[in-house]
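The following note sets out points on the structure for a colleague's review. Please read the points in order, beginning with the lining of a cavity.

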Amino acid sequence: MTTIDLSQYDVPGRGLGILDVFRWRYLLRLLVRKGTATRYRNSVLGWTWSYVKPAAQFVIYYFVMGVILRIHDDVQNFAIYLFAGVVAINLFNEGFGNATNSIVDNGSLVRKIYLPRELFPIAAIIVAFVHFLPQLAILLLVCILLGWTPSLLAVGAALLGIIIVVTFALGLGLFFSGINVRFRDAQNVVEIIRMFSTWTSPVLYMWVLVQAAMPAWAFAIYMANPLTIAVELFHFAFWEGTVTASHGLPPNFGAYIGIALALCALSLIVGQAVFRRFERTFAQDL
């Protein structure tokens with residue numbers, strides 16, 4: 001009796017998860033190109049919105065916190081401090097939100113053909129990163145005008161902050177994009193998380209205020225938030241180089257970086273597992 005070797009064939013509808021992205025690079029590029037090209041289609045200002053929206057957000061925060069409440073009168077170059085945090089959080093919020101809706105938004109493709117579904121949230125994260133670059137360019141320009149000079153340590157801190165934000169957004173995006181296909185309430189949960197992300201990280205205030213107001217155990221939980229670490233890395237990379245005095249980094253910051261990286265890895269593992277669990281019924285649920 002002749003036996004047929006099926007070892008070279010994939011099980012239909014099942015792949016290697018995130019690892020499949022390396023095999024489908026061309027399709028990933030197409031999805032990213034589509035996402036960037038259609039974002040501001042039929043828009044008068046086009047890509048200018050990538051500058052206008054964060055600028056408007058910054059003006060509101062600065063007016064309320066810096067002008068009306070005058071909370072940070074003693075913070076040198078508070079505008080840079082604020083904008084560095086806003087840029088980091090905007091990257092997370094846009095990437096996380098886009099990734100959550102990526103499967104639903106591409107429902108026609110998901111229903112018709114098989115391809116690694118992880119491509120959609122990953123492409124959404126990359127598109128968010130592309131739109132993050134103009135904001136980063138403005139931040140760099142202002143910092144340079146105020147006397148900031150790049151150093152290896154500052155560049156390394158910025159890159160590590162970006163890696164933490166992108167990885168955390170992808171992990172949560174995989175988790176909620178899978179659930180969102182079946183339970184559309186997930187979008188409301190995501191909006192709450194995005195709202196909290198700005199206020200539970202040292203964007204509008206300094207970490208020393210949190211340390212003074214919280215017991216040690218609560219402050220440790222606060223510092224374990226990957227977004228808190230990412231924002232502080234951005235402050236160290238850009239704001240610290242423009243001031244003559246600062247409070248420095250929080251105590252045990254190196255240990256908290258390790259915790260943040262571990263939580264990012266955990267979010268990827270859990271997010272991938274949940275995504276694959278719901279992936280089996282994407283076509284039916286859509």
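1. By class, 6 nonpolar, 4 polar and 2 charged residues form the lining of the largest cavity. In this scheme Ala, Val, Leu, Ile, Met, Phe, Trp, Tyr, Cys and Pro are nonpolar, Asp, Glu, Lys and Arg are charged, and the others, Gly among them, are polar. The lining residues are Y81, M206, W207, E232, H235, F236, W239, E240, S246, H247, G248 and L249. Helix α10 provides the largest share of this lining, 4 residues.

2. The model is predicted: local features need pLDDT of at least 70, side-chain atom pairs count only at pLDDT 80 or more, and totals for chains, interfaces and linings use all residues. Residues are numbered from 1 along each chain as its sequence is written, and side-chain values use heavy atoms, with hydrogens and water left out.

3. The volume of the largest cavity is about 60 Å³, and the count comes to 2 cavities of 30 Å³ or more. Cavities and pockets are found on a 1 Å grid over the protein atoms alone: a cavity is a set of points where a 1.4 Å probe fits but cannot get out, a pocket is an open set with protein on both sides within 12 Å along at least five of seven lines, and lining residues have an atom within 4 Å of a point. Grid points are joined across faces, edges and corners, and a volume is the space filled by probe spheres set on the points.

4. The largest pocket holds about 400 Å³ of space. Its lining has 19 residues, of which G35, N98, D105, N106 and A124 are the closest to the pocket centre. At least two lining residues come from each of α1 (25–38), α3, α5 (119–145) and α7 (186–199), and α3 gives the most, with 7 residues. By class, the lining of the largest pocket divides into 5 nonpolar, 8 polar and 6 charged residues.

5. As to the overall fold, the protein chain has 12 helices and 0 strands. Helices (H or I, at least four residues) and strands (E, at least two) are DSSP runs, numbered from the N terminus. Of the 286 residues of the chain, 47% count as buried; buried means under 20% relative accessible area, exposed over 50%, and partly exposed in between (1.4 Å probe, protein chains only). Among contacts in the chain with a separation of 6 or more, 82% are between residues 24 or more positions apart, where contact means heavy atoms within 4.5 Å.

6. The C-alpha atoms of T167 and A265 are 7.6 Å apart in space, although the two residues are 98 apart in sequence. With residues up to four places away in sequence left out, T167 touches C264, S267 and L268.

7. N77, in the loop between α2 (49–68) and α3 (78–105), has a phi near 50°, a positive value in a residue other than glycine. N252, in the loop between α10 and α11 (253–279), likewise has a positive phi, near 60°. N77 counts as partly exposed because its relative accessibility is 24%, whereas N252 is exposed, with a relative accessible area of 58%.

8. A further loop residue is N225, placed between α9 (216–223) and α10 (226–239). Is N225 buried or exposed? N225 counts as buried, because its relative accessibility is 18%. Apart from neighbours within four places in sequence, N225 is in contact with T200 and S201.

9. The structure holds 14 aromatic pairs. The ring centres of F175 and F176 are 5.0 Å apart and the planes lie at 75°, so this pair is edge-to-face. Rings of Phe, Tyr and Trp (its six-membered ring) pair if their centres lie within 6.5 Å; planes under 30 degrees apart count as stacked, over 60 as edge-to-face and the rest as tilted. F175 is partly exposed, at 26% relative accessibility, while F176 is buried, at 10% relative accessible area. Ring pairs join F92, F96, F168, F175 and F176 into a cluster.

10. Finally, R277 lies over the face of F278, at 5.9 Å from the ring centre. A charge sits over a ring if NZ of Lys or CZ of Arg is within 6 Å of the ring centre and within 35 degrees of the ring normal.
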